[in-house]
Number of protein chains: 4
Amino acid sequence: MNSFGRKFKVSIFGESHGVNIGATIDGTPPGIPLCENDFANDLDRRKPNAKGTTSRKETDTPTIVSGVFNGYTTGAPITILFQNNNTISNDYKNLAQHPRPSHADFVAGVKYKGFNDPRGGGHFSGRITLTLVAAGVIAKKILDQFGVNIEAQIVSIAGVDIDNTNPKTEQIIEHKIEQALANCDSLGGVVKCTAKGVKVGIGEPFFDSVESRISHIIFAIPAVKAIEFGEGFNIANMNGSDANDTIINAKGTTKTNHNGGVVGGIANGNDITFKVAIKPTPSIAKPQPTFNLESQKIENLEIKGRHDACITLRTPVIIEAAAAIAIADLYSI
Amino acid sequence: MNSFGRKFKVSIFGESHGVNIGATIDGTPPGIPLCENDFANDLDRRKPNAKGTTSRKETDTPTIVSGVFNGYTTGAPITILFQNNNTISNDYKNLAQHPRPSHADFVAGVKYKGFNDPRGGGHFSGRITLTLVAAGVIAKKILDQFGVNIEAQIVSIAGVDIDNTNPKTEQIIEHKIEQALANCDSLGGVVKCTAKGVKVGIGEPFFDSVESRISHIIFAIPAVKAIEFGEGFNIANMNGSDANDTIINAKGTTKTNHNGGVVGGIANGNDITFKVAIKPTPSIAKPQPTFNLESQKIENLEIKGRHDACITLRTPVIIEAAAAIAIADLYSI
Amino acid sequence: MNSFGRKFKVSIFGESHGVNIGATIDGTPPGIPLCENDFANDLDRRKPNAKGTTSRKETDTPTIVSGVFNGYTTGAPITILFQNNNTISNDYKNLAQHPRPSHADFVAGVKYKGFNDPRGGGHFSGRITLTLVAAGVIAKKILDQFGVNIEAQIVSIAGVDIDNTNPKTEQIIEHKIEQALANCDSLGGVVKCTAKGVKVGIGEPFFDSVESRISHIIFAIPAVKAIEFGEGFNIANMNGSDANDTIINAKGTTKTNHNGGVVGGIANGNDITFKVAIKPTPSIAKPQPTFNLESQKIENLEIKGRHDACITLRTPVIIEAAAAIAIADLYSI
Amino acid sequence: MNSFGRKFKVSIFGESHGVNIGATIDGTPPGIPLCENDFANDLDRRKPNAKGTTSRKETDTPTIVSGVFNGYTTGAPITILFQNNNTISNDYKNLAQHPRPSHADFVAGVKYKGFNDPRGGGHFSGRITLTLVAAGVIAKKILDQFGVNIEAQIVSIAGVDIDNTNPKTEQIIEHKIEQALANCDSLGGVVKCTAKGVKVGIGEPFFDSVESRISHIIFAIPAVKAIEFGEGFNIANMNGSDANDTIINAKGTTKTNHNGGVVGGIANGNDITFKVAIKPTPSIAKPQPTFNLESQKIENLEIKGRHDACITLRTPVIIEAAAAIAIADLYSI
């Protein structure tokens, strides 16, 4: 259940405050150059650097323990480990009894009959996305060989569109984040992802459509609540004659790309584009009411621990990784 | 690849103008009463009855050829067949050379090297959703035993919200459809689906989240371009303190349901709610430019055949079926 | 559960006395010539023709209902149906209460809580192997393109080795079968299968070894109780220096083939060889004691119905089909 | 590909001389007591202690890095790591050019285009079975809750049956091993495994038969060349009336157990019994001819490194583990 992929297969394990978190990537072709430094850039992009991100700092140094020999992938499963160093576990003691609203505390307690590791969210922690990013680095290396490039960027924070031509945008958003921090609150955002160079024919009709596979893994990222391809929800308001993307050459290039590069579930050779909604982190310091299973009353909860006021800032590289994994798998089968 | 599910597994086969289309449903528990009449209601709901739907009329009579004995499921795979009777195949002759924009003609030709069955869209046809609806009937019967009920309804057509308290809504939409028909054009819409009674704990963290599994199968439905759970894209604009759903009792009932009944990928016992965007049917009679692979020029295409001006009208039961299949599978594992 | 294969995937359905039995073959490449006549030869080989085989005669005419267009595979799932015509169901009425020894009657009743179809063994019937043979025909067509050829033949019946150079062998075996028929008893046998032309490198270390995949599907054939590759059980008695197969050229050809063409789980380019033990049909007319669940006593059972005295005679083509399916799948991934 | 199981799923990784080898076990129910000491007994049984086993000594200390909290399984994936300490890698330098007969050197080189890790057999090493034994410990703990007990023991070495009532047997076998050591040769053997207490109904007809699942994982163990259930190959020589196992009570107990506890692919409540042939280790010190890819000639190879003269001595616990994994998975689905 903690695996994704048919042939290029990613399995993840670990808890926020456990010994290690890690990923095993099976199905990587042999002969791809790979070393621990290759992960640095993407792992850095996921790190909490900006204002509005958690104060928990981890080195996030990957150790490749298998599947690589003399600097090249061998074709055997690649396991990558990370240590959890900067853990403060006493912050989480009461959450099983007094579960955070809209967090996994309550459902995990019921599902695992109280045996789940509650420290730092345990296996539900956003920290586990570190392993996805690591697997994504390998997926991107594979896709690179096919000329596929994937990039994600934030398109809005707290409802404010990122407009790179307007210098005030950044100020407005920074101000919003400062306000959220001041209020012990959190903010959401929207991320757009584009995969360029995906060849015509990738994907399958129905259950293994490009959209099915990408959405499946994108919703594996905690805090994602929506995904739309191409025009997405807007297309529901368009006429067919406007929504249709005119094919203009024998390669299948289209004049517009309202369908986000996928028709009939199959990549049509144009950019695959999709947007993802990231909800505001549910873990906020602001006191909020929630049922206390011990006292059997609704009581205010003040969440301790170190959390992100705007997790969206850290998600683009995770979304890229997830898309890369899904597309690398579609290429492999 | 044409299968969905881990334990309750649905496999589909068939082409729009082939001998049969059908589904095999494996993993159904023994002892569920099932006969061919049980399919009538849902199959009828999918039929093109309303204005704005295709003039191809099929009886859509299911034949159960295995897995049922003396009126009960046996535990063995259930195969259900439908015949294709009302086919007019010469409508589709030229589409391989002159592919319809935003339809699968071009990608299918490339992917299958010209060997795909182009008649009526072949295996890419919306007709195959008939088999999903049939599988959904069985999924609903299973879920019924757990007290789970799934209902989908249209929330907007062509950007007009369905407001049942406003008698004019229906007129406005009917007028929009008439206009689309007059213009040989098509319309999209949005469908909302609600699953009531899903127990706390269904779903898995990360890759087998409730949202991952549901979105996976929902995007298997042709014409779907977006999905959002709970508040969906709106949640990206909310503060955490507003977005969080206060837990009000020991069963996990929440005061609001901005998260659409899923947190950390796991059902939290509240209604699972999601919305789906359906694009306007790409097959429109209105002449539209598209590249002709034979003449190597962009030329106007007038699509023959019988198509839906507003396929959204027929999708709620398909979306219900897809959700039921995904949730029945999550219950089974 | 009723499916085999990762990419070339075979799903089977049906009961001995139901409407249809059939198979869906997903993952067949497009462009392979295929028509219903192509199945005739292998289906004939499975038919009960010889003395010692059942008197139930079925036409076993395949109908391809999907996945083939204009005489070629399309790349979409291929479903093949067979009708059950020659059924005499009242023979099986009492077997649920008075289960046949070493047959599935008892276990099926427990597993499916009495809802299983008991007629003719239901979904447990050897008749379902007809669908395997059909799928095997497609697998063989795929393998043919890679120069792979698979052949199985009987090596012994009832302990008597088939010695083609000794004209008396046939007589001895014929006599054994006549005796078994006279005694209302049944006989077992051993079948050897050889796959020639399998390229070096097919298969995976550990769980997806060639031996794992082949044995998995071979044990799906009812009545199979053992499998050995190359020297099989004999190799346990050999010294390493004798058992090792000397590599004699750069293609990996070996002087001997004690390992049956597989080392480390991977095909080594030599013939893949294995032997399979087929038990005597448990359904014999001879009265035999078995517990009666109704009377709660051990009572003699006289099995009615039409059964094979020596099912081994019909199995070579089934074993070929199973091996072809497994190897075609290993080629496809 | 390096995974086994549908719900109780074991994934393995690592190379003989890499940083770590390990297994991830997904699908373990929460609440099972588990600590690192629990592995000691089975890991010890796999260790090379006896005469005739390798001189490579490893501590084989397991580290549980995830999935266990406060001494209990959490329901999240359990990853167990082992270090490789006692490695002497220069022994393996030439094997890529001058491949060992009947070992994976040649096939691995072709399959992975020379990128495989050749040190100590790399990912093909028998050392990886350590991870299977670890996963087996967890499987056994799960099965223990269902009253299932699995035990394997050697039944013959080099063709000599182990007869516990005859004190000379041990001497004869010890002498055989001494001879093999003296001759720089190796010996094979046969192991029998019995699973007691498996409930009626486990397993599925056809592809997921008990025999299919067990044989699949048993052939994942390096050096296994054959498997037989119950009477195995002998049953091919029996009459049906002798081979059939008379049911003697309402629980399905049978008088004999020629079918090894499985009929129609389903457990019948009696002991599941099977025998496995283990070939003599192909790595022998005795010079043996094999093709040299560099010189393009057949030349004598003297294998360096530390190998087992009789690997069979170490396999019973591995076979137990494999059977436990397969049966635990069948229980879980």
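Which strand of chain B does strand 11 (residues 224-229) of chain A pair with, and in what sense? In this predicted model, where local features need pLDDT of at least 70, side-chain atom pairs count only at pLDDT 80 or more, and totals for chains, interfaces and linings use all residues, the partner is strand 11 (residues 224-229) of chain B, and the pairing is antiparallel over three bridges. Residues are numbered from 1 along each chain as its sequence is written, chains are lettered from A in the order in which they are written, and side-chain values use heavy atoms, with hydrogens and water left out. Strands here are DSSP runs of E, at least two residues, numbered from the N terminus, and two of them pair if DSSP finds at least two bridges between them. Within this pairing, Ala226(A) sits opposite Glu228(B).

As for the rest of the interface, 98 residues of chain A touch 98 residues of chain B (contact: heavy atoms within 4.5 Å). Together the two chains bury about 7,600 Å², 65% of it on carbon and sulfur atoms; buried area is the accessible area (1.4 Å probe) that two parts lose on being put together, summed over both. On the chain A side, Phe206(A), Phe207(A) and Lys225(A) give up the most area to chain B, together 13% of what that side buries.

Lys225(A) also turns up in a salt bridge with Glu211(B), at 2.8 Å from N to O. Chains A and B share four salt bridges (a side-chain nitrogen of Lys or Arg within 4 Å of a carboxyl oxygen of Asp or Glu).

Technical notes
Helices (H or I, at least four residues) and strands (E, at least two) are DSSP runs, numbered from the N terminus.
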